[in-house]
Amino acid sequence: EENEDYSSSVDGDSVGEESDISLSLGGVEDLDFLNELLVFVRALRTRWESIHNRLDDRKASVERCKLLETVPVEIFVRAMQRGFNFPSIAEECCRVVALMSKDQALSSLIGRLNGIQVVVEICVQHAANLPVALAAIGALAELCRDQENRNLIGDFEGIDAVANLMSQFEGDKAFQIRSVELLRELSRCGPKSRANLARVGSTSVLSLLMSAMQRFPSDLQLQNVAAQALGVFVESFPANQNQARRVGALSHLVSSLTRHFHDPELRVNALWTLCALTNENDANQAALGLDG
């Protein structure tokens, strides 16, 4: 394989230091290469953090352009592909993806360059590693602001991967909230997200959502996020109505509404979702009459 070197000096962080970001993508994946790759990705993450922490600073815009000239998105994605099997590298790469994807154009480019596929593979490869999983969920959450990226996440079995992580870390409330928020966003935009809505209904997502509501009944944030997500899952895709009933969605919503009736946001989310669940669905209407 032809050796490719990418190195340059770029104006660095907010104190004006100058540092090198360099990497050779050629050669074998020995320990020296992996160490070099980890240093490279950490330096890249630090630089992007510095830029995003100074969005109102005109100098930050100049640094962003220089950084993209020094390390094009294509090169970063190729670096991800070389190192995603290793936890530390995978975590840092996901954090860089999340930072870069705050820019709509960069987010779309990462998707077109198969960066989404790498992030999903990180979810699968490191399913038992909570820090890596959190970083991967964060990266997907930023990427899915773009509709085409939402579709790609579904096409690369990202919904299945997120469901697996929810099952793996079912006792971690923060992880459950972030995962449910991600799944909700993946399912927005109605007809444009029909494929993802179908995937939600055909996987364990709805069961995992109910399990989270049951496991953390007193947590208002989780109850709100779960109720809103469930509404998104069923409102634009009536086929999910019956599946939601089978996993106990109606009774869980009624229970949450009763417990947190004092909270106006929860009342709105739960009542809206109950309407979406029962809309033109005789079986769900009858079940709600029994449950409520």
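Biologist: In this predicted model, is Asn114 buried, partly exposed or exposed?

Modeller: Asn114 is found in the loop between α5 and α6, and its backbone has a positive phi of about 70° although the residue is not a glycine. Buried residues have under 20% relative accessible area and exposed ones over 50%. The relative accessible area of Asn114 is 34%, and Asn114 is therefore partly exposed.

Biologist: Glu157 also has a positive phi although it is not a glycine; is Glu157 buried or exposed?

Modeller: Glu157 is found in the loop between α8 and α9, where its phi is about 65°. With the limit for exposure set at over 50% relative accessible area, the 54% computed for Glu157 makes this residue exposed.

Biologist: Which helices are included in what covers the buried residues of α6?

Modeller: Helix α6 spans residues 115-125, and its buried residues are Gly115, Ile116, Val118, Val119, Val120, Ile122 and Cys123. The cover over these buried residues includes α3 (73-83), α4 (87-100), α5 (104-112), α7 (130-143), α8 (147-155) and α9 (158-168).

Biologist: How are α6 and α9 oriented to each other, roughly parallel or roughly antiparallel?

Modeller: The axes of the two helices, α6 and α9, come within 9 Å and cross at roughly 30°, and α6 passes α9 in a left-handed crossing. The contact is made by Val120, Cys123 and Val124 of α6 and by Gly158, Ala161 and Leu165 of α9, which by class amounts to 5 nonpolar, 1 polar and no charged residues. Because angles under 35 degrees count as roughly parallel, α6 and α9 are roughly parallel.

Biologist: How far apart in space are Ala79 and Ile89, C-alpha to C-alpha?

Modeller: Ala79 lies in helix α3 and is buried, with a relative accessible area of 0%. Ala79 and Ile89 are 10 residues apart in sequence, and their C-alpha to C-alpha distance in space is 9.6 Å.

Biologist: With which residues is Leu230 in contact, leaving aside its neighbours within four places in sequence?

Modeller: Once the neighbours within four places in sequence are left aside, the residues in contact with Leu230 are Leu206, Leu209, Met210, Ala244, Ala249, Leu253, Thr273 and Leu277.

How values were computed:
Residues numbered from 1 in each chain as written. Predicted model: local features only at pLDDT ≥ 70, side-chain atom pairs only at ≥ 80, totals over all residues. Heavy atoms only, no water. Contact = heavy atoms within 4.5 Å. Buried < 20%, exposed > 50% of the residue type's maximum accessible area, 1.4 Å probe, protein only. Helix = DSSP H or I, 4+ residues; strand = E, 2+ residues; numbered from the N terminus. Axes fitted to C-alpha atoms, helices over the stretch in contact; angles between N-to-C directions. Parallel < 35°, antiparallel > 145°, perpendicular 65-115°, else oblique. Left-handed = near helix turned anticlockwise from the far one by under 90°. Nonpolar A, V, L, I, M, F, W, Y, C, P; charged D, E, K, R; others polar.
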